[in-house]
Amino acid sequence: MAPSSAGFVTALTAAALATIGFLGYQAYATAPAHLTKARTNGAPAITTPQAPGGGKNAALLPPGSGTGARVVYSLTRHRVWLVGLGDKVIRTFEVTPGNIAPAPGVYAVTSRSNAVTGSDGTPIEHVVRFTEVDGVAIGFSAAVRDAAPADSTTTTVRTGGIRESRADGDVMWTFATISATVAVIP
C-alpha cells in the first residue's frame, strides 16, 4: 500500500471510530433515565450538557471525539476543545461559524496565515485552515477588531471562517500547527 493510501485508510478508520463513538453517546444520551443509571448505586453513569453549547457541562470533552492531541469542533454546539495528551482539555470556548460548514470527520491543519482579510471583508488574524468545501476554505480565525459577528444566515457571501475571540485565537495559533489533527463532530 502506498504511503498516501495508508494515510487515507487511517483517516477513514479514525472517522469511522469517531462516528461510532458519537452514535453510541447519542444512543446513551437519549435513553430513558432508568436505563442510564449504574446498577450498583443508582447514580447516572455519565452526565450530559444541560443545553446545546452551554450549561454546566459545556467544558466536558464529548465522547467519541478521537484520541491524542487534537482540536475538537462541534458543529451543533458551536464549541471548540483544544485537547492535549492523555485527553486533557487545555481550553474550550464558543465560536461563531460561517455559513459553509465542513462535514464531520478527521482533518489535518493544511495552512495558516498570521493576518489576512476574510471572505466577508473583515481583517482577521491567526487563521488555521483544515479543509475546503466547494472552493471555500474552512478554518478558525479571530477578527482583528472586536465587533459583533455577522449573522451567517443573512449574508450572501460564502464564508467558511469559524470565528473565535482574539484570546482564543492566540491559543489556537500556538496549539494548531501544520498537520495538527482537527476532529469535526456533529
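In this predicted model, a polar atom of the arginine 70 side chain lies 2.8 Å from the backbone oxygen of serine 65, a polar contact being a pair of N or O atoms within 3.5 Å, where within protein one must be able to donate a hydrogen and the other to accept it, and residues adjacent in sequence count only if both atoms are side-chain atoms. Arginine 70 is placed in strand β1 and is buried, with a relative accessible area of 2% (buried: under 20%, with a 1.4 Å probe and protein chains only). Its contacts (heavy atoms within 4.5 Å), not counting residues up to four places away in sequence, include Trp81, Asp87 and Phe175.

Three aromatic pairs are present in the structure, pairing requiring ring centres of Phe, Tyr or Trp (its six-membered ring) within 6.5 Å. Tyrosine 73 and phenylalanine 140 form an edge-to-face pair (planes over 60 degrees apart), with 5.8 Å centre to centre and 85° between the planes. This pair links distant parts of the chain, 67 residues apart: tyrosine 73 belongs to strand β1 (residues 70-74) and phenylalanine 140 to strand β7 (residues 136-143), strands being DSSP runs (E) of at least two residues, numbered from the N terminus. Tyrosine 73 is buried at 1% relative accessible area, and phenylalanine 140 is buried at 0%. Ring pairs join Tyr73, Tyr107, Phe130 and Phe140 into a cluster.

Residues are numbered from 1 along each chain as its sequence is written. Local features need pLDDT of at least 70, side-chain atom pairs count only at pLDDT 80 or more, totals for chains, interfaces and linings use all residues, and side-chain values use heavy atoms, with hydrogens and water left out.

Notes: Phe/Tyr/Trp six-rings, centres within 6.5 Å; stacked < 30°, edge-to-face > 60°. Helix = DSSP H or I, 4+ residues; strand = E, 2+ residues; numbered from the N terminus. Buried < 20%, exposed > 50% of the residue type's maximum accessible area, 1.4 Å probe, protein only.
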